[in-house]
Amino acid sequence: MMTSVDTDLMRVLADPLRLRIVTLLAKETLCSTHLIEETGARQTNLSNHLRVLREAGVVETEPCGRFTYYKLKPDVMASLAGQFADLAESARSAADNKRACP
C-alpha cells in the first residue's frame with residue numbers, strides 16, 4: 001500500500017491556472033487558442049504553463065497544421081487518484097492508532 005503522493009506532480013497541479021487547464025483538457029482536446037479563450041491567460045503565460053504540464057507528463061501534444069493540440073494523459077490522473085485512494089485507506093486503517101505521549 002502506497003502512503004505518499006507524488007509531490008512533484010502535486011506542485012505542478014497546485015497552480016490555479018494549470019489546474020484550470022487540466023480541468024478543461026479532461027473534457028476535450030484543445031489548442032492553445034482555445035485555452036487562451038477559456039482561461040483569459042496571455043499566450044506567453046499559457047505557453048509556459050503548458051510546457052510545465054508537458055514536462056511533468058500530464059499532457060501530450062498533437063500537431064495539426066499550424067496549431068498544436070493538447071490532451072490530458074488520463075493514466076497520470078488515474079495514478080494520482082490511486083495514490084490519494086491509498087492514503088484514504090491508510091487513514092481508515094490507522095484511525096484507532098494513537099501514539100502515546102512521552
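Trainee: How many bridges join strand β2 to strand β3?
Mentor: The model is predicted, so local features need pLDDT of at least 70, side-chain atom pairs count only at pLDDT 80 or more, and totals for chains, interfaces and linings use all residues. Residues are numbered from 1 along each chain as its sequence is written, and side-chain values use heavy atoms, without hydrogens and water. Strands β2 (residues 59-64) and β3 (residues 67-72) run antiparallel; pairing takes at least two DSSP bridges, and strands are DSSP runs of E, at least two residues, numbered from the N terminus. The bridges number six.

Trainee: Which residue in β3 is the bridge partner of Val59?
Mentor: Val59 lies in β2, which spans residues 59-64. Its partner in β3 is Leu72.

Trainee: Which residue in the hairpin takes a positive phi?
Mentor: Two residues sit between β2 and β3. The phi in question is near 65°. The residue is Gly65.

Trainee: At what angle do the axes of α2 and α4 cross?
Mentor: Helices are DSSP runs of H or I, at least four residues. Here they are α2 (residues 16-25) and α4 (residues 43-55), with axes that come within 10 Å. Axes are lines fitted to C-alpha atoms over the stretch in contact, with angles from 0 to 180 degrees between N-to-C directions. The crossing is at roughly 75°.

Trainee: Which α2 residues meet α4?
Mentor: Contact means heavy atoms within 4.5 Å. On the α4 side are Asn45, Leu46, His49, Leu50, Val52 and Leu53. From α2 come Leu17, Arg18, Ile21 and Val22.
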